[in-house]
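Hi everyone, thanks for making time.

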Amino acid sequence: MRDAGPAAGQFFSFLIIIDFESTCWKERRSYDQEIIEFPAVLLNTSTGKIESEFHTYVQPQEHPILSDFCTELTGIKQVQVEAGVPLQICLSWFSRWLESLCKEKNIVFVKDNVCPPTACLCAFVTWSDWDLGICLQYECKRKQICKPQELNRWIDLRATYKLFYNRKPKGLNGALQDLGIEFSGREHSGLDDARNTAHLAWRMITDGCLMKVTKSLDLVSGFFLDSGSTVLHPSPYRLR
């Protein structure tokens, strides 16, 4: 049994941390990047435990052969992406995973500023805006794929870290090291990066950081930002 509700003072009972890996090349090229690893981990903000994980490799369609640089950087092999699924199917599986979490844990994502009083609020977390604001957004546009609308709003943990601790982190590993946390696993493994980002988020919560949505692609007002904003609430994101 998990503790009911979020940690003291937190809006969100759960956070879903995402960290994509994508096609890449040693020299800068005009190629569009495609997601090749899609991981997500569910963090309980009252216990700090990861309660569920989603993970799959994704087949790149536009440039199906991985560069040697990409394989060396991410550790992802050609055979793994060839055994993966196209992004559209991956997103369908991901949506089912979200639906199962909503049923099992009474999770909801705030829409139109409405939230059932007994529900457990949940938000997405990424390290920077790249994953959901650039990579997934533009790949879905190019391929005319509908993505879950819940992925239009998220917490940029890098920006939140910078505001809360008043220092600029040198990457995810650098942020962990600054707090005395050792990176676990392999850097640039999407799943390991997501798990470590979850560990960082939990440490920030225990240090008194209030997690708030920092970016939205939806043109709404109130709880979320409009697409031209960067910060939802005044810094320093600190619980009093």
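Let's start at Ser 189, which sits in the loop between α6 and α7; helices (H or I, at least four residues) and strands (E, at least two) are DSSP runs, numbered from the N terminus. Before going on: this is a predicted model, where local features need pLDDT of at least 70, side-chain atom pairs count only at pLDDT 80 or more, and totals for chains, interfaces and linings use all residues. Residues are numbered from 1 along each chain as its sequence is written, and side-chain values use heavy atoms, leaving out hydrogens and water.

Is Ser 189 buried or exposed? Ser 189 counts as buried because its relative accessibility is 14%; buried means under 20% relative accessible area, exposed over 50%, partly exposed in between, with a 1.4 Å probe and protein chains only. Leaving aside neighbours within four places in sequence, Ser 189 is in contact (heavy atoms within 4.5 Å) with Glu 21, Glu 37 and Thr 74.

Now for α7. Of its 17 residues, 12 are buried, so α7 is largely enclosed by the rest of the structure. Among the buried ones are Gly 190, Leu 200 and Met 204. After α7 comes Gly 208, with a positive phi near 105°.

A nonpolar core is a set of buried Ala, Val, Leu, Ile, Met, Phe, Trp, Tyr and Cys residues joined through side-chain atoms within 4.5 Å. This one has 32 residues, and Leu 200 and Met 204 are among those with the most contacts inside it.
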